[in-house]
Amino acid sequence: MSKLLCRPHEADETGLTMSISPESAGWNYVGFEVYHLRPGQTLEKPTGPMEVCLVLLSGKADVSSSQESWNGLGERMGIFENKSPYAVYLPNQDQFTVKALTGLELAVCQAPGSGNHSARLIGPESMGRETRGRTTNTRHVCNILPETEAADSLLVVEVITPGGCWSSYPPHKHDSDKLPEESALEEIYYHRLNPSQGFAFQRVYTDDGELDETMTVHDRDTVMVPRGYHPCGAPHGYDLYYLNVMAGPKRIWKFYNAPDHEWIIEADQKATSALK
């Protein structure tokens with residue numbers, strides 16, 4: 001199995017099913033955890049040196065920090081419902097408590113914090129939603145914590161790719177600090193499939209071929225993207241969801257398209273213009 005692919009494990013006593021730290025990933029910025037909590041179960045954790053974005057992937061919960069509390073969060077009971085999630089931002093050197101009111105799937109997105117921002121609720125109404133691409137390159141995007149919203153390091157977005165379509169495509173990368181053309185960002189992909197017995201594909205590769213991994217991803221798998229291009233393909237009949245968590249030395253998302261495949265963008269633009 002590829003070292004970039006992480007399979008989930010059975011929930012431990014805290015509900016943890018997936019845990020990736022900068023140390024375990026062999027990089028510097030992104031940490032990621034997933035918890036599956038039973039109704040009434042409580043999770044309490046300090047944020048330590050990391051700022052945190054809690055994403056309620058599905059289910060309802062009460063959430064509190066050391067200074068704030070928010071009760072009855074959550075409207076999306078299934079991750080593929082056509083709804084944005086609730087999320088909570090927490091600074092480093094804080095703590096949080098999450099009490100599940102229903103079965104809860106919770107993502108804990110982490111990156112180094114500098115203490116510049118206070119804990120806050122990120123409601124669904126504040127998240128921009130858009131559809132990108134066309135035909136077999138269609139994907140539906142929800143911007144949970146984009147660079148236009150306050151944070152020290154974290155960028156968080158979720159994407160649904162309909163069955164038979166590609167996303168993060170044409171292949172692009174963001175592994176070089178060459179602003180304004182490209183920024184250096186580590187990235188996590190947390191995958192879900194609908195129906196859940198499905199599979200999808202993700203390739204992570206570099207121009208020089210030093211890194212070239214093509215992975216079969218199943219429901220609840222996570223792929224780490226330390227560098228390189230990283231397109232995803234969803235087979236016919238199976239919709240692909242993924243949660244992206246990114247962070248790097250500068251909180252800017254500027255990507256570079258693979259030159260061999262950039263022609264697809266221009267071709268799509270011409271086709272779209274012809275339909276107007």
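This is a predicted model: local features need pLDDT of at least 70, side-chain atom pairs count only at pLDDT 80 or more; totals for chains, interfaces and linings use all residues.
Visitor: What makes F32 count as buried or exposed?

Guide: The cut-off for buried is under 20% relative accessible area. F32 has 0% relative accessibility, so F32 counts as buried.

Visitor: And Y190, buried or exposed?

Guide: Y190 comes out at 1% relative accessibility, so Y190 is buried too.

Visitor: Why are F32 and Y190 called an aromatic pair, and what makes the pair tilted?

Guide: Rings pair if their centres lie within 6.5 Å, and F32 and Y190 are 5.6 Å apart, centre to centre, so they make a pair. Planes under 30 degrees apart would be stacked and over 60 edge-to-face; the planes here are 50° apart, so this pair is tilted. It's also a link between distant parts of the chain: F32 is in strand β3 and Y190 in strand β19, 158 residues apart.

Visitor: What makes the pair of F80 and Y241 edge-to-face?

Guide: The angle between the planes is 70°, which is over 60, so the pair is edge-to-face. The centres of F80 and Y241 lie 6.3 Å apart, and the limit is 6.5 Å, so they still count as a pair. This pair links distant parts of the chain as well, with F80 in the loop between β7 and β8 and Y241 in strand β24, 161 residues apart.

Visitor: How do you know whether F80 and Y241 are buried, partly exposed or exposed?

Guide: Use the cut-offs again: under 20% is buried, over 50% is exposed, and partly exposed is in between. F80 has 22% relative accessibility, so F80 is partly exposed. Y241 has a relative accessible area of 0%, so Y241 is buried.

Visitor: How many aromatic pairs does the structure hold?

Guide: There are seven aromatic pairs in the structure.

Visitor: What about the phi of T135, and where is T135?

Guide: T135 has a positive phi as well, near 45°, and isn't a glycine either. T135 sits in the loop between β12 and β13. With a relative accessible area of 52%, T135 is over the 50% cut-off and therefore exposed.

Visitor: How do you know which peptide bonds to call cis?

Guide: Look at omega. From Y169 to P170 the bond is cis, with omega near 0°. Another cis bond joins L179 and P180, where omega is about 10°. P170 is in the loop between β15 and β16, while P180 is in the loop between β17 and β18. As a general rule, most peptide bonds are trans.

Visitor: Why are β4 and β9 said to pair?

Guide: Two strands pair if there are at least two bridges between them; β4 and β9 have five bridges, so they pair, in the antiparallel sense.

Visitor: What makes β4 and β7 edge strands?

Guide: Their open sheet has four strands in the order β4-β9-β6-β7, with antiparallel pairing. β4 and β7 each pair on one side only, and that makes them the edge strands. From one strand to the next, the twist averages 10°.

Visitor: How do you know that β15 and β23 pair?

Guide: The rule asks for at least two bridges, and β15 and β23 have two bridges, so they pair, again antiparallel. W166 stands opposite G233 in β23. The open sheet they belong to runs β15-β23-β20-β21, with β15 and β21 as edge strands.

Visitor: What lines the largest pocket, and what volume does it have?

Guide: Its volume is about 650 Å³. It is lined by 31 residues, and R132, R139, H172, W253 and F255 lie nearest its centre. β13 gives the largest share of that lining, five residues. By class, the lining has 16 nonpolar, ten polar and five charged residues.

Notes
Residues are numbered from 1 along each chain as its sequence is written. Side-chain values use heavy atoms; hydrogens and water are left out. On a 1 Å grid over the protein atoms alone, a cavity is a set of points where a 1.4 Å probe fits but cannot get out, and a pocket is an open set with protein on both sides within 12 Å along at least five of seven lines; lining residues have an atom within 4 Å of a point. Grid points are joined across faces, edges and corners, and a volume is the space filled by probe spheres set on the points. Ala, Val, Leu, Ile, Met, Phe, Trp, Tyr, Cys and Pro count as nonpolar, Asp, Glu, Lys and Arg as charged, and the others, Gly among them, as polar. Axes are lines fitted to C-alpha atoms, for helices over the stretch in contact, and angles run from 0 to 180 degrees between N-to-C directions. Buried means under 20% relative accessible area, exposed over 50%, partly exposed in between (1.4 Å probe, protein chains only). Rings of Phe, Tyr and Trp (its six-membered ring) pair if their centres lie within 6.5 Å; planes under 30 degrees apart count as stacked, over 60 as edge-to-face and the rest as tilted.
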